[in-house]
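Please open the model in your viewer and keep the selection panel at hand.

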Amino acid sequence: MKICLVTGSSGLIGSAVCTYFAGLGYAVHGVDNNQRAVFFGAAGDTRWNQRRLQESVPGFTHHELDIRDRSGILDLIQTIRPSVIVHAAAQPSHDRAAAIPFDDFDTNAVGTLNLLEATRRYAAESPFVYLSTNKVYGDRPNSLPLVELETRWEYGDPAYENGISEKFSIDQSTHSLFGASKVAADVLVQEYGRYFGMPTCCLRGGCLTGPNHSGVELHGFLSYLVKCNVEEREYR
């Protein structure tokens with residue numbers, strides 16, 4: 001049976017990936033240590049989503065492991081030899097990153113390096129998909145001219161009518177420390193692909209949310225606002 005390894009498996013994106021690949025017949029191995037609760041407190045706790053996966057996803061195996069644990073990551077990938085790796089684990093908050101810069105960079109950049117090197121050693125032919133972020137572009141998209149339509153603003157240059165291309169520069173921009181750590185990881189993923197000939201891919205999403213989001217004020221803001229409305233409590 002093919003094996004899919006998902007990091008950040010108890011989070012919004014990771015849990016959706018677990019469910020998707022299980023539906024394709026993969027044995028899914030999830031890596032998560034509820035670090036979101038450490039970063040954001042009890043409201044960010046994702047254990048409920050971990051339990052949901054364990055109870056509802058056939059063939060799901062949970063690994064209580066921090067991606068910063070280099071030897072643990074090396075051992076895991078050597079043992080299970082995944083057919084595909086989807087890396088969704090992260091410290092995801094701009095504001096939190098400024099308060100915990102070492103934890104932010106070690107999680108986002110060094111954790112990604114640990115996974116890439118383990119994959120190169122033990123599963124080099126397996127696709128490595130990294131959940132990056134549109135924040136790698138920093139504030140440069142703000143320099144693009146906009147036009148006001150009836151219900152929204154849109155880019156004024158037709159070249160951007162389908163969104164910002166991955167060729168858009170990430171240089172000479174203010175990123176935030178979070179953006180910088182994600183840029184480092186993004187470039188590492190690209191470099192492992194090009195230098196070692198590995199099938200790597202970066203997906204640069206933004207403003208992602210859904211019912212399985214443990215949204216808090218510092219991250220998952222859309223989910224957090226919905227919770228405030230449903231619970232009839234005032235947003236601070």
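Begin by selecting Ile 85, which stands opposite Phe 128 in E5. The model is predicted, so to speak of local features a pLDDT of at least 70 is needed, side-chain atom pairs count only at pLDDT 80 or more, and totals for chains, interfaces and linings use all residues. Residues are numbered from 1 along each chain as its sequence is written, and side-chain values use heavy atoms, leaving out hydrogens and water.

Now select residues 84-87, strand E4, together with residues 128-133, strand E5, which pair in the parallel sense over 3 bridges. Strands (E, at least two residues) and helices (H or I, at least four) are DSSP runs numbered from the N terminus, and two strands pair if DSSP finds at least two bridges between them.

Next, select helix H6, residues 101-122, which packs on the sheet and touches E1, E4 and E5, its direction making about 170° with that of E5. Here contact means heavy atoms within 4.5 Å, while angles run from 0 to 180 degrees between N-to-C directions, with axes fitted to C-alpha atoms, for helices over the stretch in contact.

Widen the view to the open sheet of 6 strands, ordered E3-E2-E1-E4-E5-E8 with parallel pairing. Strands E3 (61-63) and E8 (200-205) stand at the edges with a single partner strand each, so one side of each has no neighbour in the sheet.

H4 and H6 pack at an angle of about 35°, with their axes 9 Å apart.
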